[in-house]
Amino acid sequence: MSVRGCRSRSTPAPTVVGAARVAKFIAAFSSWYWDGVTLEWITANGRPGAVMRRGDALLGLVTLTASADGIDQLLWQLNTSKLGAVAGGRA
């Protein structure tokens, strides 16, 4: 499993690889990030995903790729200016 993000075109975010490392990465912010967050399950770019909001504020989008073996990748987009298509006019 891997988690990939992107800071900008010139500075890509690091990729976190391996189930244990991904779990540790998500656990590091899960105690505070998810408070008050609602998820809207969607399909984005042909992949299952979720739009994350806190109240009316758009926080980001996460999509995943999976196989019969389980989840292969979590792809996060937290730059809300790139999420016009999923903002639903509430961003």
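Biologist: Which residues form the aromatic cluster?
Modeller: One cluster takes in Phe 25, Phe 29, Trp 32, Tyr 33, Trp 34 and Trp 76. This is a predicted model, where local features need pLDDT of at least 70 and side-chain atom pairs count only at pLDDT 80 or more, while totals for chains, interfaces and linings use all residues. Residues are numbered from 1 along each chain as its sequence is written, and side-chain values use heavy atoms, with hydrogens and water left out.

Biologist: How many aromatic pairs does the structure hold?
Modeller: Six. In one of them, Phe 25 and Phe 29 have ring centres 5.6 Å apart and planes at 80°, so they are edge-to-face. Rings of Phe, Tyr and Trp (its six-membered ring) pair if their centres lie within 6.5 Å; planes under 30 degrees apart are stacked, over 60 edge-to-face, and the rest tilted.

Biologist: Where do Phe 25 and Phe 29 lie?
Modeller: Both are in helix α1 (residues 19-33), four residues apart, about one turn of the helix. Helices (H or I, at least four residues) and strands (E, at least two) are DSSP runs numbered from the N terminus.

Biologist: Is Phe 29 buried or exposed?
Modeller: Phe 29 is buried, at 16% relative accessible area. Buried means under 20%, exposed over 50%, and partly exposed in between (1.4 Å probe, protein chains only). Phe 25 has 35% relative accessibility, so Phe 25 counts as partly exposed.

Biologist: What about Phe 29 and Tyr 33?
Modeller: They form an edge-to-face pair, 5.7 Å centre to centre with 85° between the planes. Phe 29 and Tyr 33 are four residues apart in helix α1, so about one helical turn separates them. Both are buried.

Biologist: Which charged end sits over the ring of Tyr 33?
Modeller: That of Arg 54, 5.8 Å from the ring centre. The criterion is NZ of Lys or CZ of Arg within 6 Å of the ring centre and within 35 degrees of the ring normal.

Biologist: Strands now. In which sense do β5 and β6 pair?
Modeller: Antiparallel: strand β5 (residues 57-67) and strand β6 (residues 70-77) pair over seven bridges. Two strands pair if DSSP finds at least two bridges between them.

Biologist: What is the bridge partner of Leu 64 in β6?
Modeller: Leu 74.

Biologist: How many residues does the hairpin use to join β5 to β6?
Modeller: The hairpin joins β5 to β6 through two residues.
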